[in-house]
Amino acid sequence: MKKNNIPYSSNLPDWAKNYLLPIRDNLRKFRYSGEGRICPVCGNSSRLFRSFGIIQRKDAQCVHCSSLERHRFVWLYFLRNTNLFDGSPKKMLHVAPERCFEQRLREKLKDDYITADIIDPRVMVNMDITDIKYPDQSFDVIYCSHVLEHVQDDRKAMKEFYRVLNNNGWAILLVPITSEVTYEDPSIVKPQDRLRAFGQEDHVRRYGPDYVDRLREAGFKVDTITVSEFVSEEEAILNGLTSASGEIYFCTK
């Protein structure tokens, strides 16, 4: 058995998963126990965050809730710069829900929290974000992270988000920025070719900083927030916020 190999563990029978995986997780938490880092998502501390990814990005993933750098950045922004948790009624659309967020948001927003994905069977609504089956101004909050780089007609999806967002609402629409300018080529369709061109087999483009222009073309007013603008260097280290956290694109009408 390979150490900490999650894909391997998916081949285990259910009884083995139920027995062995909690042991693995507890050993991992013990290994990282300490006070050097605090995860703002789950509130737990650790000596460091664990490495993550093929390249093994160091100090990246919370050993308790599995949040990554971008998740911790967004959660802090939710807490400090939005009305998401002020107790007032608001309907939220969460596309491709992250597990570290989903249960926490459901507990806060109750029945006004809707999860959506085009194929994931565990979500509440199966949805093509280029053709959202909700009326205009249906949602007070929309959160969609690292999805648009998978969508062929991302401009149509952005317009749909704009359409279903309440006039007084807000959206956070995140993508990885991996190019100096946005690059796409619809003729590239084979997975191995997309891997070479876009960095992942199921990506259809690389976004550059001009991503914000596409959001504005859809009608949004956009504020861009970076880690260095939002927190001190000391707090960034404590919460594990790095260049991998990306930028927050806060969108309103």
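Buried here means under 20% relative accessible area, exposed over 50%, and partly exposed in between (1.4 Å probe, protein chains only). The model is predicted, so local features need pLDDT of at least 70 and side-chain atom pairs count only at pLDDT 80 or more, while totals for chains, interfaces and linings use all residues. Residues are numbered from 1 along each chain as its sequence is written, and side-chain values use heavy atoms, leaving out hydrogens and water.

**View 1. Helix 5 and its buried face.** Let's start with helix 5 (residues 154-164), whose buried residues are Asp154, Ala157, Met158, Glu160, Phe161 and Val164. Seen down the helix axis, these residues fall within an arc of 160° (taken from the directions from the axis to the C-beta atoms), so they line one face of helix 5. They pack against strand 5, strand 8, strand 9 (165-174), strand 11 (205-206) and helix 7 (211-217); helices (H or I, at least four residues) and strands (E, at least two) are DSSP runs numbered from the N terminus.

**View 2. Phe161 in the core.** Phe161 touches, among others, Leu93, Val95, Ile142 and Leu173 (contact means heavy atoms within 4.5 Å). Of the 62 residues in the largest nonpolar core, Phe161 and Leu173 touch the most other members; such a core is a set of buried Ala, Val, Leu, Ile, Met, Phe, Trp, Tyr and Cys residues joined through side-chain atoms within 4.5 Å.

View 3. Seven strands form an open sheet in the order 7-6-5-8-9-13-12, with mixed pairing (strands pair if DSSP finds at least two bridges between them). Strand 7 (125-126) and strand 12 (221-225) are the edges, each pairing on one side only.

Definitions and conventions:
Lists of a residue's contacts leave out its neighbours within four places in sequence.
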